[in-house]
Amino acid sequence: MMWWNGSPLPVPIAPIQYGYRDIEGTNSGQTLGGSYSKKVIARKEDLIVQWAALSPEEAAAVAAVKKSTFGQLTYYSPQAEKFVTKTMYTEELTTELTDARVTDTTLQYGDFSASVQFKER
């Protein structure tokens, strides 16, 4: 289960993709002698989350993550081995509608799928 700014998100399909990136200090890089110096000042966790077979209401809940630049994402972190809440921003949100039936500009039926890329601030 995941929450965005305290509101529950639909249960994602597996697997959730976790990525880790290092934020390096200003003196990191290759030296004149050819060796490499790296000073890690922070390790950030990023996620790619996918949903399938969403109702229009569930798709709207997923789309709500793009209403603000940053938000609080609560999720299970394998690195921390517990649920954590981190400030994230969304890099990309894609949504797809399949098997839709529309009458008089009203959606009668449709399956939504979505994918969101969360990046730790």
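Guide: If a salt bridge is taken as a side-chain nitrogen of Lys or Arg within 4 Å of a carboxyl oxygen of Asp or Glu, the count comes to 7 salt bridges. The model is a predicted one, in which local features need pLDDT of at least 70 and side-chain atom pairs count only at pLDDT 80 or more, while totals for chains, interfaces and linings use all residues. Residues are numbered from 1 along each chain as its sequence is written, and side-chain values use heavy atoms, with hydrogens and water left out.

One of these bridges joins Glu24 to Lys38, with 3.8 Å between the closest N and O atoms. Because Glu24 belongs to strand E3 (residues 13-24) and Lys38 to the loop between strand E5 (36-37) and E6, the pair ties together parts that are 14 residues apart in sequence; helices (H or I, at least four residues) and strands (E, at least two) are DSSP runs, numbered from the N terminus. Both partners are partly exposed, a class that lies between buried (under 20% relative accessible area) and exposed (over 50%), with a 1.4 Å probe and protein chains only: Glu24 has 33% relative accessibility, and Lys38 has 43%.

Two further bridges have buried partners. Asp46 pairs with Lys119 at 3.3 Å between the closest N and O atoms, and this links distant parts of the chain, since Asp46 is in strand E6 and Lys119 in strand E9, 73 residues apart. Asp46 and Lys119 are both buried. Lys86 and Glu120 form the other, their closest N and O atoms being 3.5 Å apart; Lys86 lies in strand E8 and Glu120 in strand E9, so the bridge ties together parts that are 34 residues apart in sequence. Lys86 and Glu120 are likewise buried. Through salt bridges with shared partners, Asp22, Glu24, Lys38 and Arg43 are joined into one network.

Ser77, in strand E7 (residues 70-77), counts as buried because its relative accessible area is 1%, and its side chain makes a polar contact of 3.0 Å with that of Glu45. If contact is taken as heavy atoms within 4.5 Å, Ser77 touches Glu45, Lys82 and Val84, residues up to four places away in sequence being left out. Thr85 lies in strand E8 and, at 48% relative accessibility, is partly exposed. The side chains of Thr85 and Thr74 are joined by a polar contact of 2.7 Å, and beyond the neighbours within four places in sequence, Thr85 is in contact with Gln72, Leu73 and Thr74.

The rings of Trp3 and Phe83 have centres 6.0 Å apart and planes at 65 degrees, so they are edge-to-face. This pair also reaches across distant parts of the chain, from Trp3 in strand E1 to Phe83 in strand E8, 80 residues apart. Phe83, at 47% relative accessibility, is partly exposed, and its ring meets that of Tyr76 with centres 5.7 Å apart and planes at 80 degrees, so this pair too is edge-to-face.

Charge and ring come together at Arg121, which lies over the face of Phe70, 4.1 Å from the ring centre; the rule here asks for NZ of Lys or CZ of Arg within 6 Å of the ring centre and within 35 degrees of the ring normal.

Conventions:
A polar contact is a pair of N or O atoms within 3.5 Å; within protein, one must be able to donate a hydrogen and the other to accept it, and residues adjacent in sequence count only if both atoms are side-chain atoms. Rings of Phe, Tyr and Trp (its six-membered ring) pair if their centres lie within 6.5 Å; planes under 30 degrees apart count as stacked, over 60 as edge-to-face and the rest as tilted.
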